Amino acid sequence: MSITAIARNFFTPRLKEIEKYATHAVEIQTRMLRYLTENARDTEYGRRYMPGGASTYDAFAAGVPLNTYDDLKDKIDRMRHGEANVLWPGVVKWYAKSSGTTNDKSKFIPVSREGLKHTHYQGGSDAVALYLGNNPESRMFDGKGLILGGSHSPNYNVSGSLVGDLSAILIENINPLVNLVRVPKKQTALLDDFEVKRDRIARETLNKNVTNLSGVPSWMLSVLTRVMELSGKEHLEEVWPNIEVFFHGGVAFTPYRKQYQQLITSPRMHYMETYNASEGFFGLQSNPADPAMLLMLDYGVFYEFIPMDEFGKDNPTVLPLEGVSTGVNYAMVISTPCGLWRYIIGDTVKFTSVSPYKFIITGRTKSFINAFGEELIVDNAEQGLAEACRRTGAEVSEYTAAPVFMDGEAKCRHQWLIEFAKEPGDIDAFASILDKKLQEVNSDYEAKRYKDITLQHLEIVKARPGLFNDWLKSKGKLGGQHKVPRLNNSRDIIEQMLRFNTTKNED
């Protein structure tokens, strides 16, 4: 009997629980809310906003305000310094470092023991359970899983406390039994120099029986490119004949799908999307034929949703799960066993089904670029442009930016289309200053730019005078509040504008 056949017996019972999502969703979410509020009863936050436990939804929604990271930042910093019972019971020792807000380069998301076990690890286990349920011929545990991780470092001077990438925290605390079926070795997985890590991972795994991959598509593609360089092979299944699945998340897979299909031509290869963020594990693709993900309801997370046409209003409508409809764009709000209370995570979703609740991620609540995990926001862009203008004497009247997705050598970059009121004397110097400032204000962009491993130096295309107005006019949006999005995660808008950049609109 294969190891996978034995392991399947462990995962199969969980599928029965997941099936209840279709018929008992409200009951499950009510149980999650009660669990959260009862645990928070004696915390500083609970005593202030949830007196008596606030176990009903109406009491919870009336007492607890909506929060952004900036609203909770001071409390999180106290927790990082070792204070107990602030947002969650006890001392929280792990903090996932994520891209920053308007005011900070980085966010530090608390990861409690309960969040680690019942949210993040449960999500990983359920991903396997659903995959095995959909693929009865799988032999994934008869080989190794290549799991990419980041790095971590000590958190202030608090004993045993760590701050770093969520993936590094997960690897650091993983059940030792999992290490029997994963590669690379732990010390390699946690290296902070990705150039060194990438090469070591490729060399350590080259002659292993790798059957499954887990990680962010952009980073994984960079590692696999190195594997192919070392092997001299044309397709990945020539290196790892039993490769069968890639569990991916972090950024949209669509831009990478074609490259993976060219790299891995085996008809037995599968792809499964996961929605695992620093703040929690929220969704899994339960049906290979359906790109929508199943909302995971019993991970200790309580969900609420704000219709995007009300987002940003002083008193927006906030809906519990049973209040949502299909086809509507919502901003997602979460309360978690890590101390995030009615937290606006910044992602937008649209439900495709309510029995069970299945959704697609539609974007972010703000203009952004997150094609490679860099999470660049408009405030970062404005700071970078201001610094470049200050140091070169240039003046920017309009701009937009978008990603240039990876080519066959896993190279990618950001492309900026800029209309200058006053051009810099040296456009390359302007670009260099902009790039360096973006790294200074955004730790995720800085990490992706490290040694040009994945994200290359940005490119600037000079826009002809009047380009932006001409493009808006062609869309019937000239004047008023209409404007070109500053940052866009797709190339739709910038490609249209680049065409306009060579021929003036005649309308």
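Modeller: Let us begin with a definition, since a residue is called buried when its relative accessible area is under 20%, exposed when that area is over 50%, and partly exposed in between. Please also keep in mind that this is a predicted model.

Biologist: With those cut-offs, is Arg491 buried or exposed?

Modeller: Arg491 lies in the loop between α16 (467–474) and α17. Its relative accessible area is 16%, and the cut-off for a buried residue is under 20%. Because 16% falls under that limit, Arg491 counts as buried.

Biologist: Which side chain makes a polar contact with the side chain of Arg491?

Modeller: The surroundings of Arg491 include Ala402, Pro403, Val404, Phe405, Gln415 and Leu498, when residues up to four places away in sequence are not counted. The polar contact, at 2.9 Å, is with the side chain of Glu495.

Biologist: How many bridges join β19 to β20?

Modeller: Strand β20 takes in residues 413–422, and β19 and β20 run antiparallel. One of the pairs that can be named is Val396 with its bridge partner in β20, Phe420. The number of bridges joining β19 to β20 is nine.

Biologist: What span should the 15 residues of α13 have, and how far apart are its end C-alpha atoms?

Modeller: The expected span is 1.5 Å times one less than the number of residues, so the 15 residues of α13 should span 21 Å. The end C-alpha atoms agree with this, as they are 21 Å apart.

Biologist: Which residues have the most contacts inside the largest nonpolar core?

Modeller: In soluble globular proteins, nonpolar side chains tend to be buried together. The largest nonpolar core here has 81 residues, and helix α6 (residues 113–134) gives the most to this core, with seven residues. A second, separate core of 56 residues includes Leu148, Met220, Val251 and Leu487. In the largest core, the residues with the most contacts are Phe305, Trp341 and Phe351.

Biologist: What is the relative accessible area of Val111?

Modeller: Val111 has its place in strand β2 (residues 106–111). Among the residues touching Val111 are Val92, Trp94, His120 and Cys338. Val111 is buried, and its relative accessible area is 0%.

Biologist: Is Pro176 buried or exposed?

Modeller: Pro176 is found in the loop between α7 (166–172) and β6 (182–183). Its relative accessibility is 61%, and the cut-off for this class is over 50%, so Pro176 counts as exposed.

Biologist: Which residue is joined to Pro356 by a cis peptide bond?

Modeller: Most residues other than glycine have a negative phi, and most peptide bonds are trans. The peptide bond from Val183 to Pro184 is cis, with omega near 0 degrees. Pro356, in the loop between β15 (343–354) and β16 (357–364), also has a cis bond, with omega about 5 degrees, and the residue joined to Pro356 is Ser355.

Biologist: What is the phi of Lys451?

Modeller: Lys451 is found in the loop between α15 (443–449) and β21, and Lys451 is partly exposed at 47% relative accessible area. Asp452 is found in the loop between α15 and β21 and has a positive phi of about 60 degrees although it is not a glycine. For Lys451, phi is also positive, with a value near 55 degrees.

How values were computed:
Residues numbered from 1 in each chain as written. Predicted model: local features only at pLDDT ≥ 70, side-chain atom pairs only at ≥ 80, totals over all residues. Heavy atoms only, no water. Pairing = 2+ DSSP bridges. Helix = DSSP H or I, 4+ residues; strand = E, 2+ residues; numbered from the N terminus. Core = buried A, V, L, I, M, F, W, Y, C linked by side-chain atoms within 4.5 Å. Buried < 20%, exposed > 50% of the residue type's maximum accessible area, 1.4 Å probe, protein only. Polar contact = N/O pair within 3.5 Å; in protein donor to acceptor, adjacent residues only side chain to side chain. Contact = heavy atoms within 4.5 Å.
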